[in-house]
Amino acid sequence: MTLKARVIPCLDVKDGRVVKGVSFVNLIDAGDPVDAAKAYDAAGADELCFLDITASSDNRDTIFDVVARTADHCFMPVTVGGGVRSVGDIRKLLLAGADKVSINSAAVQNPDFVSEAADKFGDQCIVVSIDSKKVSKPGETDRWEIFTHGGRNATGIEAVEFAIKMVERGAGELLLTSMDRDGQKSGYDIGLTRTIADAVHVPVIASGGVGNLDHMVEGIRDGHATAVLAASIFHFGTYSVGEAKRYMAEHGIAMRLDPPGEAA
Amino acid sequence: MLTAIVDYGSGNLRSATKAFERAAREAGLDHQIVLTADPEVVASASHIVLPGVGAYADCRAGLNAVDGMVEALREAVEVKGNPFLGICVGMQLMSSRGLEKTVTEGLGWIKGDVVLIEPEDASLKVPQIGWNTLTLNHPHPLFDGIPTGVDGLHAYFVHSYHLKAERAEDVVAVTDYGGPVTAFVAHDNKAGAQFHPEKSQKLGLALISNFLKWKP
C-alpha cells in the first residue's frame with residue numbers, strides 16, 4: 001500500500017478551446033476542454049491540468065466557465081494555471097472548482113505573491129510552475145535557467161535555487177517544464193527533474209517532452225517525480241491514459257488501476 | 001431530507017455540492033443539497049457537511065467569523081445527533097487542537113491533535129498529494145460496499161497534517177505514507193475524511209451516498 005504515481009493529461013486552453021503547440025508555437029485546435037476532461041476522467045486520469053495559455057491577454061474569463069463546467073461532471077482533482085496573478089484570481093478558480101492553482105510568471109516577478117497565496121489558501125493548493133532551459137554547454141556543469149512568457153523571456157535566474165526558494169515560500173508542489181524538450185517528444189529532461197526533485201521536500205510533476213510511455217516511466221523512476229504530465233500523446237490518441245498507466249505498472253511503478261469512473 | 005454544506009469561505013464548495021447532488025441522484029434519494037452560510041439552515045438540516053481547504057487556524061477563524069455557525073453546528077450535531085461529515089480540514093477541525101503554524105482550538109469531537117505528517121521514509125514528499133488505498137481498522141456504515149485494502153479503490157489525498165486521535169476506536173481507516181496516516185475518523189454520529197470524497201471518483205461517490213443514507 002503506497003501513494004501512487006499520477007498521470008496528468010494537460011489541456012492547453014485558449015479562448016475556451018483546447019490547443020497544443022509544438023514548443024508553444026503552431027497551435028492546433030484539438031477540441032472542447034470539458035469533453036476532453038470527461039474523456040480523461042473516464043479513462044482513469046489521476047488528475048487534470050488546465051493551462052490557460054492566453055490568460056495574460058484576452059478572454060480571461062472563459063477559463064472560469066471551463067473549470068466550472070468540468071467540476072459539474074468530473075469528480076477528480078483539477079489544477080489550473082495560466083495568468084494567475086492575484087489572490088482574487090486564485091479564489092475565483094477555487095470557487096469554480098479547481099483544487100490547485102499553478103503560478104508561473106507571477107512567481108518569478110513577485111515571490112511574495114507565492115507566500116501570500118500559500119498563507120491564504122494553504123501550501124497544498126499552490127503549485128509553482130517552473131519553465132526552464134538548460135543553459136550550460138556540453139562538458140560544463142549542468143545549469144538551468146528560468147524562462148517566462150511561454151519560454152520567450154530569459155530571466156537569468158538559476159532554476160534549482162529558484163525551486164528551493166519557491167518551496168520555502170510555501171509552494172506545495174512544483175510543475176517542472178523543460179522548455180528545451182517541450183513538444184520535442186524526446187523525453188523529459190531527467191537531469192533537471194531529478195536535481196530539483198531531490199532538492200525539495202514537496203512533490204514534483206515532470207513536464208515537457210513526452211513522446212512515448214518509456215519517457216513516463218523514466219520521469220518517475222529516474223527523475224524522482226511523483227507525477228508525470230503529458231499533452232499531445234494523449235490528445236492525439238497516440239496512447240490512452242489507461243495504456244500509459246498499465247505500462248508504467250508493468251515497469252514496476254505503483255499505479256492506481258481502479259476500474260475507471262464515468263463522467264456524468 | 002436536507003444536507004447542508006457549510007459555506008464559510010473555505011473549500012472547493014462547488015465540487016463538493018456537485019458530488020453530493022450526483023450521489024443523491026444516483027442513489028435515487030429524495031435528498032436536497034444546499035450550500036449555505038445560514039446557521040438556521042445548518043441547525044435544521046438532517047445531514048451536515050463541513051468542507052475545508054487551507055490552514056487549520058484560517059479555517060477555524062473563517063468558521064468563527066460566520067455569526068452563530070459554531071453554535072448551529074453544536075446544536076445539530078451534539079444536541080440533535082444528526083449525521084455530520086467533515087472533509088479534509090473540515091475533518092481536522094473535529095479534533096481537540098490543530099498544531100499547524102500555531103495552536104488552535106478545534107470542535108473537540110475527536111480527541112486528539114492535528115500534527116504534521118512525518119513519514120519514516122525521508123524520500124516521501126510532504127504534502128502527500130495523490131491517490132492512496134485505505135485500510136479499515138473496523139467496519140463502518142460509510143464504507144459499506146466499498147472495496148478497501150491494498151487491492152481496493154483509491155482515495156485522493158492532499159494534505160501535510162493529519163489527526164492523531166487519542167482513542168484508537170475513533171480511527172476507522174488509515175492510509176500508509178511512511179507509516180500509518182489517519183484517513184477516516186468517526187465517533188457516534190460524527191465522521192470525517194482526510195481525503196476528498198468529492199474528488200475520489202467511484203470511492204468518493206459511494207461514500208457520499210452511504211453518508212446520505214446513514215442513520216447513526
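**Figure 1. Burial in chain A of the predicted model.** Of the 264 residues in chain A, 56% are buried. A residue counts as buried when 20 or more other C-beta atoms lie within 10 Å of its own.

**Figure 2. Overall build of chain A.** Chain A has 10 helices and 12 strands. Its C-alpha atoms fill a box of roughly 50 × 45 × 40 Å along the principal axes. How does the radius of gyration of chain A fit a compact globule? For 264 residues, such a globule would have a value near 18 Å; chain A has 17 Å, so the two agree. Now look at contacts between residues at least 6 apart in sequence: in chain A, 65% of these join residues at least 24 apart.

**Figure 3. A hairpin in chain A, built from β8(A) and β9(A).** Strand β8 of chain A covers residues 144-148, and strand β9 of chain A covers residues 153-158. They pair in the antiparallel sense over 3 bridges. Find A:Phe147: its bridge partner in β9(A) is A:Ala154. How many residues lie between the strands β8(A) and β9(A) of the hairpin? There are 4. In this turn, A:His149 has a positive phi of about 55°.

**Figure 4. The contact between chain A and chain B.** Chain B gives 35 residues to the contact, and chain A gives 33 residues. On the side of chain B that touches chain A, the elements giving two or more residues are α1 (13-26), β8 (128-133), β10 (154-159) and α6 (201-213) of chain B. By class, this side of chain B has 14 nonpolar, 13 polar and 8 charged residues.

Notes:
Residues numbered from 1 in each chain as written. Chains lettered and ligands numbered in written order. Predicted model: local features only at pLDDT ≥ 70, side-chain atom pairs only at ≥ 80, totals over all residues. Rg over C-alpha atoms; globule rule 2.2 N^0.38 Å. Buried ≥ 20, exposed ≤ 12 C-beta atoms within 10 Å, placed from the backbone. Contact = placed C-beta atoms within 7 Å. Nonpolar A, V, L, I, M, F, W, Y, C, P; charged D, E, K, R; others polar. Pairing = 2+ DSSP bridges.
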